[in-house]
Amino acid sequence: MENKVTKRIGVMYFSPTNTTAKICKAIASGMGEEVPEYLNITKPDFREKLISNPETVLKGIDHLIIGAPVYTGKLPSQVIECLNALKGKGKKAG
Ligand SMILES: Cc1cc2nc3c(=O)[nH]c(=O)nc-3n(C[C@H](O)[C@H](O)[C@H](O)COP(=O)(O)O)c2cc1C
């Protein structure tokens, strides 16, 4: 594919009913990555792991796609906690 991204793509999603997850996966696929690294922050144990050690969890990921649903105009607080834990250090996010 002409516009294939060769860097390692991660997909971080909060998706209790799976719509956000499907959209994020489609975006990764459109970027040429059929098997991205999935970071499912819907699950409390994974959120805890990410928040306590974000650098290890994100190691090797060059481009992170983040998806979350909006409830009554706001992001779920669990998602905001995860976003606050991330340090991009110049990496791309979409
Ligand atoms: C209580 C509730 C409130 C919602 N509020 C909004 C909203 O303000 N804006 C919006 O665009 N979608 C809203 N939605 C739709 C959700 O964002 C949508 O269902 C989302 O795709 C669910 O994601 P998921 O399938 O990944 O869990 C709301 C859904 C629920 C259940």
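This is a predicted model: local features need pLDDT of at least 70, side-chain atom pairs count only at pLDDT 80 or more; totals for chains, interfaces and linings use all residues.

**A helix pair in its setting**

Modeller: Buried residues make up 23% of the 94 residues in the protein chain. Four helices and four strands are present in the protein chain. Their order along the sequence is β-α-β-α-α-β-α-β. The radius of gyration is 13 Å, close to the 12 Å that the globule rule gives for 94 residues, so the protein chain is as compact as a globular protein of that length. Along the principal axes, the C-alpha atoms fill a box of roughly 40 × 25 × 20 Å. Of the contacts with a separation of 6 or more, 78% are between residues 24 or more positions apart.

The helix pair can now be taken up. Two packed helices are described by the angle between their axes and the distance between the axes. Here the helices are H2, residues 44-52, and H4, residues 77-85. Their axes come within 8 Å and cross at roughly 25°. Angles under 35 degrees count as roughly parallel, and H2 and H4 are therefore roughly parallel to each other. The crossing in which H2 passes H4 is left-handed. On the side of H2, the contact is made by Arg47, Leu50 and Ile51; on the side of H4, Gln78, Glu81, Cys82 and Ala85 take part.

Thr72 is found in the loop between strand E3, residues 63-67, and H4. Its phi is near 45°, a positive value in a residue other than glycine. A residue counts as exposed if 12 or fewer other C-beta atoms lie within 10 Å of its own; Thr72 has 4 such atoms and is therefore exposed.

With 10 other C-beta atoms within 10 Å, Asn18 is exposed. Pro16 has its place in the loop between strand E1 (9-13) and helix H1 (19-30). Pro16 is exposed, since 11 other C-beta atoms lie within 10 Å. Pro16 and Thr42 are 26 residues apart in sequence, yet their C-alpha atoms are 6.3 Å apart in space.

Definitions and conventions
Residues are numbered from 1 along each chain as its sequence is written. Axes are lines fitted to C-alpha atoms, for helices over the stretch in contact, and angles run from 0 to 180 degrees between N-to-C directions. Helices (H or I, at least four residues) and strands (E, at least two) are DSSP runs, numbered from the N terminus. Angles under 35 degrees count as roughly parallel, over 145 as roughly antiparallel, 65 to 115 as roughly perpendicular and the rest as oblique. A crossing is left-handed if the near helix is turned anticlockwise from the far one by less than a right angle, and right-handed if clockwise. Two residues are in contact if their C-beta atoms, placed from the backbone, lie within 7 Å. The radius of gyration is taken over C-alpha atoms; the globule rule is 2.2 Å times the number of residues to the power 0.38. A residue is buried if 20 or more other C-beta atoms lie within 10 Å of its own, exposed if 12 or fewer, and partly exposed in between; C-beta atoms are placed from the backbone.
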